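Hi there,

Here is the structure I promised to send over. Have a look at it first, and then read my notes below.

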Amino acid sequence: MLSQKLQDALNEQMKNEFFSAYLYMAMAGYFQNEDLPGIANWMRVQALEEMTHGEMFFKFLCDAGGRTNLLPVDGPQNEYKSPLDAFEYGLNHEQFVTDRIGKLMDLARAESSHAAQIFLQWFVTEQVEEEANFSLIIKKLKRVEGDGRGLLMIDQELAQRVFVPPAAAGA
Ligand code: FEO
């Protein structure tokens with residue numbers, strides 16, 4: 001059984017994950033409007049992944065005997081100064097999420113909730129990958145700064161990303 005405090009924290013993180021989906025869909029809209037459909041595709045796939053992250057919190061709360069509480073989701077930023085600005089904003093957001101997951105893990109440990117710790121372990125690993133993905137694209141964007149052809153090559157590369165549900169990915 002999960003304590004009320006832990007349930008509240010899990011519900012808060014479920015909201016953060018659904019907000020992430022909303023944020024990356026907003027970025028997909030920005031890239032679509034900038035005529036960069038490949039980067040828009042990457043962001044849409046990212047948004048779909050975030051939906052599955054939110055759903056994983058929903059399922060864990062249900063399975064562990066907790067009560068789900070869907071909290072209001074803020075409106076995301078829709079406009080960005082440049083592709084680099086959007087990815088830097090995204091990395092900043094992922095660092096925030098990493099911090100929240102870390103604090104959730106601390107709480108699960110303090111309450112000796114072994115089930116919550118095992119559940120959260122997947123997210124600890126996932127956040128390393130999330131930050132690495134954003135950081136790598138930021139490096140590429142910095143390298144091609146001001147070079148339109150370079151940006152189109154990144155657009156073509158990011159067009160290749162396809163959505164793989166976490167279960168199928170081995171989670
Ligand atoms: Fe679900 Fe991007 O963290």
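Phe87 counts as buried because its relative accessibility is 0%; buried means under 20% relative accessible area, exposed over 50%, and partly exposed in between, with a 1.4 Å probe and protein chains only. Trp42 is buried as well, at 6% relative accessibility.

Before you go further, please note that this is a predicted model: local features need pLDDT of at least 70, side-chain atom pairs count only at pLDDT 80 or more, and totals for chains, interfaces and linings use all residues. Residues are numbered from 1 along each chain as its sequence is written, and side-chain values use heavy atoms, with hydrogens and water left out.

Now to the rings. Those of Phe, Tyr and Trp (its six-membered ring) pair if their centres lie within 6.5 Å; planes under 30 degrees apart are stacked, over 60 edge-to-face, and the rest tilted. The count comes to 13 aromatic pairs. In one of them, Trp42 and Phe87 are tilted, with 5.5 Å from centre to centre and 55 degrees between the planes. This pair links distant parts of the chain, as Trp42 is in helix H2 (residues 37–63) and Phe87 in helix H3 (residues 83–110), 45 residues apart. Helices here are DSSP runs (H or I, at least four residues), numbered from the N terminus.

Phe57 and Phe119 have ring centres 5.0 Å apart and planes at 85 degrees, so their pair is edge-to-face. Phe57 lies in helix H2 and Phe119 in helix H4 (residues 114–143), so the pair ties together parts 62 residues apart in sequence. Both Phe57 and Phe119 are buried. Leaving aside residues up to four places away in sequence, Phe57 touches several others, including Leu10, Met14, Ile101 and Phe123; contact means heavy atoms within 4.5 Å.

There is also an aromatic cluster formed by Tyr24, Tyr30, Phe31, Trp42, Tyr80, Phe87, Tyr89 and Phe134. What sits over the ring of Trp42? The charged end of Arg161 does, 4.4 Å from the ring centre; the rule asks for NZ of Lys or CZ of Arg within 6 Å of the ring centre and within 35 degrees of the ring normal.

Happy exploring, and do write back with your questions!

How values were computed
Helices (H or I, at least four residues) and strands (E, at least two) are DSSP runs, numbered from the N terminus.
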